[in-house]
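Work through the following exercises with the sequence and the coordinates side by side, and try each task before reading its solution.

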Amino acid sequence: MSNQNIQRRQTINKVTADAVDMTRRMTCGGLAGMIAKTATAPLERIKMLSQTGEHGLSKTNQSISTLFRSIIANEGVVGLWAGNGANLLRIFPAKGVVFASNDFWRNQCQKYLVPSSSSSSRQSKEDKTLPGHLSFLSGGLSGTTATAVTYPLDFARGRMSGKLATDARTPRAYKGIVNTITLTVKDEGFMALYKGATPTLLGAIPYEGIKFGTVGVLEVLFPVDDLQSTGSGVWRKVCFGGVGGVMAGLITYPNDTVRRMLQLQGSRGTVDVYTGYWDCVRKVYSRYG
């Protein structure tokens with residue numbers, strides 16, 4: 001067999017291995033995201049109602065327990081998981097794309113933005129680590145990629161979860177993914193499915209960037225021990241990912257609130273109108289502080 005054929009076969013094997021690895025990462029990332037989101041869906045529903053204010057409660061009576069009881073009283077136990085179907089349908093490709101595209105963007109940053117002149121840079125390229133600012137950049141780009149692909153499903157979830165039925169006898173305005181999308185297009189036009197896309201895309205960069213950047217910093221501060229067991233390595237990743245998610249969520253929370261308010265604008269039963277992102281920020285701040 002000629003050298004050219006051997007080289008071609010090696011190239012094919014490498015491409016195949018990369019494709020299998022990316023598929024594995026997308027599958028594992030998507031399944032992990034679905035399990036996590038289903039487990040935390042009741043808290044997410046309460047959080048979104050607190051953000052939008054579409055729950056009919058007074059400002060002085062919006063505790064977690066009060067909202068929890070109101071959801072069960074007006075919509076039943078299943079109301080705690082309202083919008084979770086759209087979230088699952090969105091989260092599988094979204095998380096999969098984030099995990100897969102993060103590797104892609106890390107490789108691109110490694111290839112084009114890490115200088116190869118110094119010995120430390122060569123070592124960095126060999127062990128695939130990135131400086132903190134490049135970890136932030138690659139994470140932000142992966143989040144933006146996933147958000148752009150799955151946004152209409154996130155919009156549908158926002159409308160289903162961000163409004164509470166007034167009582168047990170009055171059905172919710174939006175009952176499912178297809179119903180929400182159909183009613184939105186009928187009442188407001190197709191482009192209404194992208195309301196709130198601007199803060200969503202703007203928020204994806206810092207959220208995923210802070211999350212992956214924090215994980216990157218923690219990996220540098222607490223390097224892997226060669227003698228570390230497989231089990232402890234898994235818990236290491238869980239802890240690092242959890243810290244990164246908490247940091248990203250806290251810092252980008254105000255932007256997420258504006259995003260939810262813009263998604264509900266123009267929906268059935270909502271009277272608030274905003275001319276844009278900053279108008280929403282100004283009105284929310286003046287009304288709620």
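Helices and strands are here DSSP runs, a helix (H or I) having at least four residues and a strand (E) at least two. The model is a predicted one.

**Exercise 1.** Determine how many helices and strands the protein has, and describe their order along the sequence.

*Solution.* Counting the runs gives 9 helices and 0 strands. Read along the sequence, the pattern is accordingly written α-α-α-α-α-α-α-α-α.

**Exercise 2.** Classify the ring pair Phe104 and Trp105, and then the pair Tyr277 and Trp278, and state how exposed each residue is.

*Solution.* A search of the whole structure finds 5 aromatic pairs. For Phe104 and Trp105, the ring centres are 5.1 Å apart and the planes stand at 70 degrees, so this pair is edge-to-face, given that planes over 60 degrees apart count as such. Phe104 has 39% relative accessibility and counts as partly exposed; Trp105, at 24%, is partly exposed.

For Tyr277 and Trp278, the centres are 5.1 Å apart and the planes stand at 85 degrees, so this pair is edge-to-face. Tyr277 is partly exposed at 22% relative accessibility, whereas Trp278, with a relative accessible area of 66%, is exposed.

**Exercise 3.** Which residues form one aromatic cluster?

*Solution.* The cluster is made up of Tyr151, Phe190 and Tyr194.

Terms used
Residues are numbered from 1 along each chain as its sequence is written. This is a predicted model: local features need pLDDT of at least 70, side-chain atom pairs count only at pLDDT 80 or more; totals for chains, interfaces and linings use all residues. Side-chain values use heavy atoms; hydrogens and water are left out. Rings of Phe, Tyr and Trp (its six-membered ring) pair if their centres lie within 6.5 Å; planes under 30 degrees apart count as stacked, over 60 as edge-to-face and the rest as tilted. Buried means under 20% relative accessible area, exposed over 50%, partly exposed in between (1.4 Å probe, protein chains only).
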